[in-house]
Amino acid sequence: MEIVNGKIKTRGAADCDGSKKPVEESTCFERPCFKWYTTPWSECTKTCGLGVRMRDVKCYQGQDIVRGCDPLVKPVGKQTCDLQPCPTEPPDDSCQDQAGTNCALAIKVNLCSHWYYSKACCRSCRAPHS
């Protein structure tokens, strides 16, 4: 293009020096991309049997915590962990329910799997229930 007598006149590409052609687009404002970052996994909540481990998952844009990350690719922040089976003790024929512990109620509400009631109500919890 050129200005002739105050008016803009379009010229053909052959009339122009291609090396002086300005870029057609340029970035005028560039921001960092959104990215998910995670902390290392925590220890498992149990030392045996099934537990849970957790980690922080945060969305960053540069150094700022933001909400713009794609939720479909968000890393998980919680997962189960199963380190090893919990030890089982051999049956103890001499075990007795502890006085003052409501073992009938513990059986009724399925508390025999809890470590405290499995010990405090060892005889009741070991007996077959209907």
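Which residue forms a disulfide with C103, and how many Å apart are their sulfur atoms?

Reply: Before we zoom in, remember that this is a predicted model: local features need pLDDT of at least 70 and side-chain atom pairs count only at pLDDT 80 or more, while totals for chains, interfaces and linings use all residues. Residues are numbered from 1 along each chain as its sequence is written, and side-chain values use heavy atoms, with hydrogens and water left out.

Now, your pair. The partner of C103 is C121, and their sulfur atoms sit 2.1 Å apart. To count as a disulfide, two cysteine sulfur atoms have to be within 2.5 Å. The torsion about this S-S bond is about -85 degrees, so the disulfide is left-handed. C103 belongs to helix α1 (residues 103–108), and C121 to the loop between α2 (115–120) and α3 (122–126), so the link ties together parts that are 18 residues apart in sequence. Those labels come from DSSP runs, numbered from the N terminus: helices are H or I with at least four residues, strands are E with at least two. Both C103 and C121 are buried; that word means under 20% relative accessible area, with exposed over 50% and partly exposed in between (1.4 Å probe, protein chains only).

The helices take part in another link too. C112 and C125 form a disulfide with sulfur atoms 2.0 Å apart. Its torsion is about -80 degrees, so this disulfide is left-handed. C112 is in the loop between α1 and α2, while C125 is in helix α3, so parts 13 residues apart in sequence get tied together. C125 is buried, at 18% relative accessible area.

C59 and C69 are joined, their sulfur atoms 1.9 Å apart, and with 85 degrees about the S-S bond, the link is right-handed. C59 lies in strand β5 and C69 in the loop between β6 and β7 (78–82), so this pair ties together parts ten residues apart in sequence. C59 is buried at 4% relative accessible area, and C69 is buried at 10%.

What does β5 belong to? An open sheet of three strands, in the order β3-β5-β6, with antiparallel pairing. The edge strands, β3 (34–38) and β6 (64–65), each pair on one side only. Strands pair if DSSP finds at least two bridges between them, and five bridges join β3 to β5 (residues 57–61). In β5, K58 is the bridge partner of Y37.
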